[in-house]
Amino acid sequence: MLTSTILHSAKAAHSTIRRIRRMLHRNPELSFREYETSAYIQSELQRLGIAFRVMATTGVVAEIGTGERCVALRADIDALPIQEETHLEYSSENPGIMHACGHDAHTAMLLGAASLLKEYELQHGVSSIGGVVKLIFQPGEELSPGGASIMIREGVLENPRPEAIFGQHVNPEGSVGTVAFVSGTMMASTDELYWTIRSAGGHAAQPHMVADPILLAAHLITQLQTLVSRRLNPIHAGVLSVCTIHGGHATNVIPDTVELSGTLRSMDTAWREEALRSIHHHTEMLASSPLFGTAQAELRIVPGYPALVNHPATTHFARQAAEKLLGASHVQDFEPKMWGEDFAYYTREIPGTFWMLGVRPPDYDSIPSLHNPKFILDEDALPIGAALLAYVALQYLATPSRLALQSGNASPLSNFSF
Ligand SMILES: [Zn+2]
Ligand SMILES: [Zn+2]
């Protein structure tokens with residue numbers, strides 16, 4: 001397919017994709033409660049004549065094309081517990097809930113890609129796509145355990161099993177018209193940590209008669225900072241942030257409980273496990289120290305998403321496709337972030353790549369970040385993201401799998417004529 005044809009078709013579909021995005025933006029729903037969103041996606045797929053099934057209650061999986069081979073495209077569909085402050089005319093009508101991570105745009109762009117692929121199939125015949133494109137509309141990206149892990153458990157990567165998977169996220173740091181890639185590790189694992197420190201509490205003027213959970217919490221926070229600064233190889237990335245601390249209610253009372261919570265983020269699986277063991281060990285060791293008397297400390301770890309690792313071969317492939325579609329000057333490197341993203345579960349199962357789509361308006365130096373109540377995006381990015389998804393899928397299926405998944409210096413697309 002000619003790149004100009006797909007871009008032209010995507011631009012012709014711009015108003016439809018924007019209508020879908022605005023409808024979703026106006027009606028955001030929280031993770032795993034995307035009932036209206038799911039129904040709306042299903043109605044749009046029905047309108048396009050694309051078969052689908054429902055998974056993980058609010059997830060939708062559609063398929064276009066026919067044949068032995070399969071490639072998957074994924075969008076997440078959930079919103080965040082944030083009160084919108086953009087004052088857009090299509091602002092959220094659900095109080096306290098907002099599409100502040102751009103998942104409305106992700107969903108609209110995947111539906112846009114669906115319409116482009118359907119149009120292609122109608123124009124060129126039933127076998128023209130060269131296989132099956134599986135479209136995954138996934139719930140619950142923002143909330144542990146993540147919709148991806150549930151969809152995988154329910155078989156989204158089976159019957160047929162995709163050879164590769166591609167997904168995208170809006171990028172407020174990239175200007176509209178650009179796309180950015182990382183080969184290898186792109187985002188971190190995200191474990192949640194919850195501590196409860198208990199003692200009998202007592203009079204502030206008689207600390208020698210009680211165990212002080214506030215002092216123990218202070219030592220714990222300080223000691224844990226050495227984990228990243230002194231136990232992690234400095235050329236690897238890791239973060240431990242204690243982000244909440246609650247305890248006490250009066251200046252003259254040593255409280256009986258202090259609660260802390262935080263996050264451990266890592267790009268390295270071995271260090272992640274070692275760090276979790278070490279946090280456990282430090283918590284127990286401090287609580288058992290005679291300095292803190294009879295204080296007790298409990299640590300609860302809620303395992304988060306694994307680190308997101310892009311396969312070098314699919315990344316090489318998608319990057320080349322993006323260069324063909326958008327021009328090499330519009331394709332950039334993305335600096336890895338310690339964010340979490342449950343797309344990581346898919347790339348643990350099959351080769352895949354997650355890219356960042358620029359959404360910053362060209363006349364802005366910066367826009368509010370993701371998860372900010374003022375987050376906005378330039379809707380001119382919508383047809384670009386839709387075209388790129390459809391184009392990568394079509395090119396993937398048009399390239400023999402042994403070439404498409406060839407990594408290193410080999411250039412799979414150079415063997416393929418556009
Ligand atoms: Zn988010
Ligand atoms: Zn997101």
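Two exercises with worked solutions follow.

The model is predicted, so local features need pLDDT of at least 70 and side-chain atom pairs count only at pLDDT 80 or more, while totals for chains, interfaces and linings use all residues. Residues are numbered from 1 along each chain as its sequence is written, and chains are lettered from A and ligands numbered from 1 in the order in which they are written.

**Exercise 1.** Describe how helix α4 (residues 103–124) crosses helix α10 (residues 381–398).

*Solution.* Start with the axes, which are lines fitted to C-alpha atoms over the stretch in contact, with angles from 0 to 180 degrees between N-to-C directions. The axes of α4 and α10 come within 8 Å and cross at roughly 50°. That makes α4 oblique to α10, given that angles under 35 degrees count as roughly parallel, over 145 as roughly antiparallel, 65 to 115 as roughly perpendicular and the rest as oblique.

**Exercise 2.** Find which residues of helix α1 (residues 3–12) are buried and where they lie around the axis.

*Solution.* First apply the cut-off: a residue is buried if 20 or more other C-beta atoms, placed from the backbone, lie within 10 Å of its own. In α1 the buried residues are I6, S9 and A10. They lie on the same side of α1, because they cover an arc of only 100° around the axis. Finally, these buried residues of α1 pack against α4 and α10, where two residues are in contact if their C-beta atoms lie within 7 Å.

Methods. Helix = DSSP H or I, 4+ residues; strand = E, 2+ residues; numbered from the N terminus. Buried ≥ 20, exposed ≤ 12 C-beta atoms within 10 Å, placed from the backbone. Arc of directions from axis to C-beta.
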